[in-house]
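Welcome! Let's walk through this protein together, one question at a time.

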Amino acid sequence: MYNIGVDIGGTNLAIGLVNESLEIVQRASVPFPKAGGGPETARQIWEKTNELLDKAGGTLTDLESVGVVVPGSIDATGSIVINAYNLGFHDEPLKERIVAHFRDIPVFLANDANGAALAELYRGAFVGCNTAALLTLGTGVGGGLIIGGRMFNGGMNNGVEIGHALLASGGKHCTCGNNGCIEAYCSATALKQEGIKAMQDNPDSMLYKRTGGKAERMNAKVVIDCAKEGDESAVKVFDEYVDYLGSAVASLINILDCECVAIGGGVSAAGEFLFASLRQNVHKKSFFENHGRVVPAVMGNDAGIIGAAMLKRNRE
C-alpha cells in the first residue's frame, strides 16, 4: 500500500508516492498553478497521483491516503487554508476540492512546518522521541512540535507559530505586525539584515569586500562564511545571532523539556560552525542540566512529502 505526500510551495508543487517503509518510490514536481488557484492545484494532485501510481505498477486501490502540507494556517477542522500568502490562498477549501477527485480515499491537510516535524519523527532526528521541536531558519522561522509522540497542532487546533513567539519585548518589527518575534531575530533574513548594517558601518570589513558594499549581494551565507574566516564584523553579527537563537531554543527546552530540538532551513547548512556555538549557548540558558539534544534536521527537501504522507498515520 502507498500514501501520497504533497508539499505545496509558492514555486513548485512536489508530489511523492510513499511506500510502507517510508521510501519515496516515485516523485514529480510541477510549477505551482498560481493562475488556477485551489481548483487547479487539486486537479494537478489528482493527475500526478495517477501518473505516479501507474509508474509504480499500482492503482487507486493501492492508495491509503492523500496528505497535503501548505505554507500557511489551516482551520480547526483541517479542511480550509485560512491564509497562505505565498500561494494566494485565503479561506481556500482545499481539502474539499481534493476530496472531489479522490472520493473515498482519506485526505489530510496540515501546515508544512508541522509536516516537516512529523517527517523527523518517523524517519529523522526525532525517531524514538515523545517530545521534540523543529525550527526551520529561512526567509522566516517555521516550527513544529511533537508531543506525546504525535504532531501537536495546538490546544485549540489552530496550529503552532514558534517563529512568532516573542523574544524581545518592543524589539525589532516582524512581518506579522508585532515587535520582537523570534522570526525577526533568528531568520536567515534577520542575519542578512544585520550583515548589511555591519557592512555599511565597516567599509574595511570582509563583509564589505565580499559584497562590494552592495546590499543586494548580502545574504546569510556571506555572513557565515566571513565569520568562519574570522572577519571581526561578521563574527560579531554571527555571535549575536547565535545568542538570540540560543534563547529561542533554550525557551523551548525549558517549557517543554524536549528530548530533541532540530534546526533546519538554509542557516543550518553552516554545520558545526553553528551547532557547536549554539549548543554552548543553549546549555548556559537551559534550566535542566540534562537537557535534550540540539541537532541538525535530517530530512531536508523530502520532509514535506514524507510528513504529508504520514498525516493519516499521525491521526491514528
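**Pockets, pairs and core**

The second largest pocket has a lining of 23 residues, and Leu-109, Asn-114, Met-151, Asn-153 and Asn-157 are the ones nearest its centre. Keep in mind that this is a predicted model.

Q: Which element gives the largest share of the lining of the second largest pocket?
A: The elements that give two or more residues to this lining are β5 (73–74), β8 (107–111), β11 (150–152) and α11 (311–315). One of them supplies the largest share, with four residues, and that is β8.

Q: By class, how many polar residues does the lining of the second largest pocket have?
A: This pocket holds about 320 Å³ of space. Its lining has eight nonpolar and four charged residues, and the polar ones number 11.

Q: Which residues lie nearest the centre of the largest pocket?
A: The largest pocket has about 1500 Å³ of space. Its lining is made of 50 residues, and those nearest the centre are Pro-71, Asp-112, Gly-140, Val-141 and Gly-142.

Q: Which element gives the most to the lining of the largest pocket?
A: Elements giving two or more residues to this lining include the strands β1 (2–8), β6 (81–84), β9 (131–137) and β10 (141–147). With four residues, the one that gives the most is α3.

Q: How many charged residues are in the lining of the largest pocket?
A: Sorted by class, this lining has 25 polar residues and 19 nonpolar ones. The charged residues number six.

Q: Why is the pair of Phe-32 and Phe-89 edge-to-face, rather than stacked or tilted?
A: A search of the whole structure turns up five aromatic pairs. In the pair of Phe-32 and Phe-89, the ring centres are 5.8 Å apart and the planes meet at 65°. Planes over 60 degrees apart count as edge-to-face. The angle of 65° therefore makes this pair edge-to-face.

Q: How many residues apart in sequence are the parts that Phe-32 and Phe-89 tie together?
A: Phe-32 sits in the loop between β3 (24–31) and α1 (37–55), while Phe-89 belongs to strand β7 (residues 89–92). Phe-32 is buried at 6% relative accessibility, and Phe-89 is buried at 2%. The parts they tie together are 57 residues apart in sequence.

Q: Is Thr-41 buried or exposed?
A: Thr-41 is found in helix α1. Among the residues it touches are Phe-32 and Phe-89, along with Ile-8 and Leu-94. Buried means under 20% relative accessible area. Thr-41 has 0% relative accessibility, so it counts as buried.

Q: Which element supplies the largest share of the largest nonpolar core?
A: This core has 47 residues, and Leu-135, Leu-207, Leu-245 and Val-249 have the most contacts inside it. Elements that each supply at least two of its residues include β9, β10, α7 (220–228), β12 (260–264) and α9 (272–285). The largest share, 11 residues, comes from α8.

Q: Which residues does Leu-207 contact, leaving aside its neighbours within four places in sequence?
A: Leu-207 is one of the residues with the most contacts inside the largest nonpolar core. Beyond its sequence neighbours, it is in contact with Gly-195, Ala-198, Met-199, Met-218, Val-222, Val-223, Cys-226, Asp-231, Ser-233 and Ala-234.

Q: Which element gives the most to the lining of the largest cavity?
A: The structure holds one cavity of 30 Å³ or more, and the largest cavity has about 40 Å³ of space. Its lining includes Tyr-185, Leu-191, Glu-194, Val-237 and Tyr-244. Both α5 and α8 supply at least two residues. The one that gives the most, with four residues, is α8.

Q: By class, how many charged residues line the largest cavity?
A: Among the residues lining this cavity are Lys-172, Glu-194 and Glu-240. The lining has six nonpolar residues and no polar ones, and its charged residues number three.

Methods: Residues numbered from 1 in each chain as written. Predicted model: local features only at pLDDT ≥ 70, side-chain atom pairs only at ≥ 80, totals over all residues. Heavy atoms only, no water. 1 Å grid on protein atoms, 1.4 Å probe; cavity = no way out; pocket = protein on both sides within 12 Å on 5 of 7 lines; lining within 4 Å. Points joined across faces, edges and corners; volume = space filled by probe spheres on them. Nonpolar A, V, L, I, M, F, W, Y, C, P; charged D, E, K, R; others polar. Phe/Tyr/Trp six-rings, centres within 6.5 Å; stacked < 30°, edge-to-face > 60°. Buried < 20%, exposed > 50% of the residue type's maximum accessible area, 1.4 Å probe, protein only. Core = buried A, V, L, I, M, F, W, Y, C linked by side-chain atoms within 4.5 Å. Contact = heavy atoms within 4.5 Å.
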